[in-house]
Amino acid sequence: MSGPIEGSPQLRFRFQMIALFAFAVFAGLVMRLFQLQVLESENYARKAERNFTDTIAVPAPRGRILGARRRLLARDRPAYALFVTARPRVLKKVQGGRPPVFTREPVGDDDVKRLAALVDFSDADDEARFVAHIQRLREDPQNGRYAVSVRSNLSWDEYARIQTRTPLAGWVEIRESAIRSFPLRGMTASITGYMREISPAQLKASPQAGYRPGDRVGKTGIERQWENYLRGRSGRRSRVVNALGVPVKDPPANAVAALPLPRDPIPGQDIYLSVDVELQSEAHAAMAGRRAGGVVVMEVRTGRLLAMVSVPSLDPNLWEQSISRKDYQAWLSSPFKPFVDKTVQEIYFPGSTYKVVSALAMLEDPGFDPEAEIECEGYVDYGGRRHRDSHRHGTVNLERAIVQSCNVYFWLLTMENNLTLAKMERVARRLGLGERTGLGINSEAKGIVPTEALESRQGRFQRGVLLNSAIGQGNVKTTVLQVAVLYAAIANGGFVVTPTLVDRIETYDHKVVLDNSDAQIGAPSSVNAFDLARIRKGLTGVVNDPLGTAYRERLTSVTVAGKTGTAEVGKRRRKSKKKQEVIEGWDTAKDHAWFAGYAPHDDPKVVAVALVAHGGSGVDAAAPVVMRVLDFYLGGAASGGESRPRAAGVPPPLPGQQHFSSQFSNRRHTRGRP
Amino acid sequence: MRHRLGRPRGLWARMRSQIDWVVIGFTLCIVILALTNLRSAAGVGWGGYVRDQLTYVLIGSAMMAGLAAMDHRVLYRGAYIAFGVGIGLIVMVSLQGVMINAAQRWLDLGFFRFQPSELMKLLLVIGLARYLQDLSAKPRGSLRAAGPPVLMVIIPAALVIKQPDLSTGIMLVLISVSIFAATELTLKGMLALLSTAVVGFMVAWQGLLEGYQRQRIDVWLSPESYPEQGGYQILQARTAVGNGGLLGQGVEQGTQNVLHFVPYGVSDFAFAIYAEEWGFGGTVLLLALYLGLVLWAINIASQARDRMGSVLCIGVAAMFFWHVVLNVGVVLELFPNTGLPLPFFTHGGSNVITMMCALGILMSVSRSLAHR
């Protein structure tokens, strides 16, 4: 080992080399800095922005649902919702002297318990589901990263309690949100439908639709069918968060400047329905006391639905809160089926209301003489069985058979005039039966129009079925709405309308997206006009002929034409005499009561159909409902709100005659059956 | 020569000639930047970390002034005693030191946690300076003479590495090697040392390095794969540096800093925060200040009248040089994570005071030039 002597040129050189080395190393550092801070700086600026930018969705106000005269059926109401991030960022201590690490960890059981203690639950079950929901979220690394709404509609108390609790700040957040409000409650439930949180299956099925866990979507009715119009497009708002993912109160100005621009939500579109809320209310009131059933009121020429009532129904507002399992189970198991829309989802024997189909099928046979009379003995013997009618109708032709609802006449048609299932089926299908009407909400049922193939498949084809089919029994099944379409076709000259609820859709700034108001009948008439006139005459007689089945329910204000129906469902069960037949005062052994009518009889404007499940006879249970509705809609308007029942002994106006009001009685018409 | 003939007249003239204003100027600039940056990183105004650091700087300044006023030849007499005290303190640490983050590096003095390994850096320089001074008086060329200095390095280094504090141990070795390179080592010797280092590293890699130390190298090579082992910190520090851009985000405006994305912003990763807020211009300025100090120290060393003074200056230069290079190099991902402080930027009394003492010695040697 030897070094140069102090002050020697060798030493100077050595120091110069050392200085050069130091300079070179620092130059290396500067080069690296140049690379990071100048050449690649844009890249790292983006990374830094991604670090602090938290973009949250701004929910779009959902469009309103309005009835005629802008009456509200559904709207959004501002509320506060509880959002949780089940896998929040935390600063994790690491073993072995290394720096702590920011990572995403599921929240602990204690945290969940602490949050649950601040929320008001309806019962223990509600709380259990709340906790389970958060636990499910925290197990999911994907969804746990986002703030998910776990409870909407917080009360002020809950809001204050949660907002002031700082230990929750890392993962719990209250955001402004909205809940759906249905001001008319259960009255319009089957039309508007209700909303629920999006299901995981639906979320997975439509990844492109932009839904997030916790979003609410329409589950039934208009809310579901027009979901894409109602929901609007959610906006975006970005905010500055720190390394823990918590929004900072006073962010650096350059961070705020670097945030992506907010995008305003586009409110959903308003849907204007043809539903007349007053009429709907009247129909709903008319169904009071009836345990289950439906009413449909429709314009005969356009198919616009003016009222559509299904009872019983659930207040859709209930779904905006948490629902206890007990209630839910009770609804599910209820014999009255509150979830089922009785107007389109449930199918029933149409009973005698179907006789118009049998009659039209027969009239298409050129050899058939509708004026030919038969003698009704009150029964026929056929196939070794005696088929009984309600009573002897005496001498009847087609028109009288309809007026008096004579089953024997139609039975004899099938037995003697070769009225086959095929003929009936042809007419029934032309009039829209056996197929969905196309309303499009609440998963409509198709109904059943029996064919020989269908009947044969279910065992040996019995001709007794044919007899029953002619009077709307056997295997014929229809929805209430289908019967409304059928009678609308009879009233409007044979045009099968497509029922609609939506008149118009407008954007929030009143641009019309869809206008259905001048929709016209497109399809050609499906039935001969002479035949229809004959049927219409019969239907007018049903209400206005003293022998007509619905004579005692006739209105003074307007002349109604229609048909009663009493679908015998209880016959077999009546024999069994089981105790379960009567459920909560609802005698399931009783027949389904129908009435389908239109008015005014000479210039039909609206058709109204009522079905009362196990309500008894059509004239007693269903006809008053239809009459009340028609009276309200047409009579009330025509006679200045005054309508009177016909006094006893006053002859009904003949078909084609103008109605004259009674001069004897000032009693108000008592709505419904006394 | 820097001084006129005859004794300087008047206080002002004496201050100009006896005080090394270059050292003070560089130091003041660095300290101001450091305190500003510390305030920004701590984010709690002038209290807390900044007040602590300022206190250390003031204490250090007093010691710096004292050492500068002292003739550096006084150190010649106390060198071995000081060195021995330093070894003693380190031994004491291993007996009853404070454990922080699984390492036993600190002595609790009640008001202050003292890290003797920091002071050891300076004491080693002083010890080596004395030995090399003595050596220069003897005849040259004796290989036996290499024994004692090597032991003087290896004993403290081994003790420090046992704490465990590998990086300070390496720092001790680097400082010593720098000193040898400036004085005794031939080119051949340096090459031999370099090859020994490479072989030693490979042996250490195989067996001697602790798990966490080996892992740090893995993390350094691919930080993305080891987020929980410090990779997160490295990536976020790199992002902070890059986010600084050409001119920086502005003091207390760096988003990575203000929003706490850079862990250890007041200690090992202070440079990342500085880089984000001051940009490329600021980092070049800071590196220039450090380099200026280092080059100035080498300049003084080359002019020193005796070997002791020269070695002391080289030692001080080496201390600054290696601290800056290793700390900044870690932030810039040129080296694996070591945990060495950036002088004055990293919060911590032991390092600040040691560094200021070193600067005091530098000024003392510088003053001796003025007497020549």
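Author: Two strands pair if DSSP finds at least two bridges between them. Helices (H or I, at least four residues) and strands (E, at least two) are themselves DSSP runs, numbered from the N terminus. One caution: this is a predicted model, where local features need pLDDT of at least 70, side-chain atom pairs count only at pLDDT 80 or more, and totals for chains, interfaces and linings use all residues. Residues are numbered from 1 along each chain as its sequence is written, with chains lettered from A and ligands numbered from 1 in the order in which they are written.

Reader: In which sense do E12 and E24 of chain A pair, and over how many bridges?
Author: Strand E12 (residues 293-299) and strand E24 (residues 606-612) of chain A are antiparallel, with seven bridges. Across that pairing, A:Val295 faces A:Ala610 in E24(A).

Reader: Which order do the five strands of the open sheet in chain A follow?
Author: The order is E13-E12-E24-E23-E20 (chain A), with antiparallel pairing. E13 (305-311) and E20 (561-567) of chain A each have a single partner strand, so one side of each lacks a neighbour in the sheet.

Reader: And how do I read two packed helices?
Author: You describe them by the angle between their axes and the distance between the axes. Axes are lines fitted to C-alpha atoms, for helices over the stretch in contact, and angles run from 0 to 180 degrees between N-to-C directions. Here, H4 (residues 72-96) and H6 (residues 147-161) of chain B pack at about 20 degrees, with axes 10 Å apart. That makes H4(B) roughly parallel to H6(B) (angles under 35 degrees count as such).

Definitions and conventions:
Parallel < 35°, antiparallel > 145°, perpendicular 65-115°, else oblique.
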